[in-house]
Amino acid sequence: MDQNRKVHQFKNPILNWIEFRLPIISYFKKEYGEYPMPKNCNYFWSFGALATITLVTMIVSGIFLAMNYTPHTDMAFDSVERIMRDVNYGWLLRYIHSNGASFFFIIVYIHIVRAMYFGSYKYPRELNWILGVFIFLLMMATSFLGYTLPWGQMSYWGATVITNLFSAIPIVGEGLKTWLLGDYNVGNATLNRFFALHYVLPFVIFGVVGLHVAAVHVHGSNNPDGIEIKSKNDTVNFFPYMLIKDTITGPLGCLVIWRRLSYFGDTLAHSALLGVTLAYAFSLNIAFSVFVISVTNLKAVNF
Amino acid sequence: MTNKTDLKKRDFLQLSTITIGAVGTAAFIWPFLKSMSPAEDTLAAGTTEVDISMIEEGQSITVKWRGKPVFIKKRTQNEINEAKKVEISDLKDPQADSERVKKEEWLVLVGVCTHLGCVPLGQKVSDMKGEYDGWYCPCHGSHYDTSGRIRKGPAPKNLDVPPYAFLNDTTIKIG
Ligand code: HEM
Ligand code: FES
């Protein structure tokens with residue numbers, strides 16, 4: 001065993017204990033602390049972080065929805081109504097999740113347009129783009145599956161129409177469709193598997209996002225000039241400069257989402273709910289800043 | 001302008017940001033945690049009204065309340081006397097019979113053994129009632145008396161008395 005291998009030294013003995021066994025602390029320090037961010041990056045470069053926050057928000061709100069959701073054709077709709085009426089803050093969880101899905105796409109579209117406009121898809125970042133396309137496909141699949149879960153008219157016919165697309169494939173089409181549905185029509189077997197897949201795909205997305213980010217970090221971020229960075233002088237450390245920028249965008253994004261959510265969340269969302277939702281939006285913003293604070297404190301222990 | 005850091009100001013800013021952040025995080029997490037406690041419909045099912053006019057003396061019925069069995073027994077004079085004459089200091093979980101009933105003849109108990117949660121026997125005429133003529137838990141042998149108090153066996157506590165009220169002479173509301 002290589003006892004002489006060079007190990008990063010931190011002030012905090014607990015960090016050292018972990019670092020010696022799994023050099024994950026220095027990894028995070030390198031990738032999210034010292035990571036050289038081009039100085040001239042504008043706010044378009046915050047949309048990756050925004051998308052990540054949204055993904056986590058979707059996963060968390062989804063898990064709490066799933067605690068009260070029943071994937072059965074006879075009970076699914078009622079269980080969603082129960083979430084709206086009886087479950088404590090169920091309406092809030094559902095609005096976060098359904099509006100969050102829409103905003104997830106808006107954010108990702110801006111992120112993609114950024115990549116196209118500034119040429120971030122080009123050498124040496126092609127794999128990044130390809131992984132991004134996979135994320136996008138997975139997102140589409142996930143939200144289609146989620147859309148079927150409340151089992152209302154739109155869900156049912158949405159499931160019918162989309163799965164029927166497969167029947168257009170010559171020869172194998174009908175068979176493939178029946179296999180996807182697990183029945184000759186959209187039914188309970190379909191709803192069950194759609195729920196199972198809707199639960200698991202976001203975690204797959206999370207994994208691919210990890211690869212996507214790791215891939216950017218190999219050659220570094222692109223910048224608005226499209227000219228590759230020449231020296232350390234062209235960059236600033238990710239922490240705190242980029243993180244602060246993301247911290248501004250994050251809460252702003254949340255506010256936009258929450259404005260939309262509180263006005264148009266649903267026809268049921270009368271102005272009485274407005275105050276609650278806005279207050280909640282406010283705390284969401286603040287919660288994000290805690291993230292920054294905790295990183296700051298980590299820095300205080302010689303991070 | 002000097003380059004000296006105003007440490008007091010920095011401390012103040014740090015502390016106030018952390019405080020606001022902590023409050024914000026708590027407010028953010030609260031709805032998520034709260035969504036896990038019983039929902040409105042579950043709470044609405046938390047009270048049960050029972051018609052007790054059909055219960056004969058010496059008879060006991062079992063009703064469901066919050067998913068648990070509740071025993072409602074109309075005690076005979078013998079059973080009442082038996083419950084009252086016990087020396088309180090002899091009891092493992094000392095409690096007078098009068099503290100456990102609202103009207104002497106009516107005994108209302110949560111039918112869940114205080115040991116590990118089995119449902120004690122004693123509701124049916126043919127059931128074993130244990131050495132103290134009340135209830136007997138077959139799981140590990142706990143004996144309860146005619147006031148539902150633990151007298152022998154591993155259970156640590158008397159059978160619980162649920163919150164209840166007499167709406168009139170023939171109806172009680174549990175919960
Ligand atoms: C990539 C992340 C995700 C996306 C894009 C997404 C998208 C969606 C969409 C569009 C809906 C329909 C909204 C509605 O009308 O209610 C939905 C519903 C649902 N999702 Fe997700 N979801 C994600 C993650 C998750 C996760 C991780 C879970 C569970 C662990 C989950 C559980 C649910 C449940 C139970 C419903 C049905 C309840 C409802 O209709 O509000 N979701 N999802
Ligand atoms: S559960 Fe009743 S004696 Fe153990």
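Start by selecting the iron atom of ligand 1: its protein donors are A:His97 (NE2) and A:His198 (NE2), 1.9 to 2.0 Å away. Donors here are N, O and S atoms within 2.8 Å of the metal (3.2 Å for Na, K and Ca), and water is not among the atoms, so sites may look incomplete. This is a predicted model, in which local features need pLDDT of at least 70 and side-chain atom pairs pLDDT 80 or more, while totals for chains, interfaces and linings use all residues. Residues are numbered from 1 along each chain as its sequence is written, chains are lettered from A and ligands numbered from 1 in the order written, and side-chain values use heavy atoms, without hydrogens and water.

Now show the angles at the iron atom of ligand 1: they run from 83 to 180° among six donor atoms, making the site octahedral (opposite donors over 155 degrees apart, all others between 65 and 115). Ideal values for six octahedral donors are 90 or 180 degrees.

Next, colour helix α5 (residues 90-117) and helix α9 (residues 188-219) of chain A; A:His97 lies in α5 and A:His198 in α9, so the pair ties together parts 101 residues apart in sequence. Helices are DSSP runs (H or I, at least four residues), numbered from the N terminus.

Are these two histidines buried or exposed? A:His97 is buried, at 16% relative accessible area, and A:His198 is buried too, at 14% (buried is under 20%, exposed over 50%, partly exposed in between; 1.4 Å probe, protein chains only).

Finally, pick A:Arg94: an N or O atom in its side chain is 3.1 Å from an oxygen atom of ligand 1.

Definitions and conventions: Tetrahedral: all angles 85-135°; square planar, octahedral: opposite > 155°, others 65-115°. Helix = DSSP H or I, 4+ residues; strand = E, 2+ residues; numbered from the N terminus. Polar contact = N/O pair within 3.5 Å; in protein donor to acceptor, adjacent residues only side chain to side chain.
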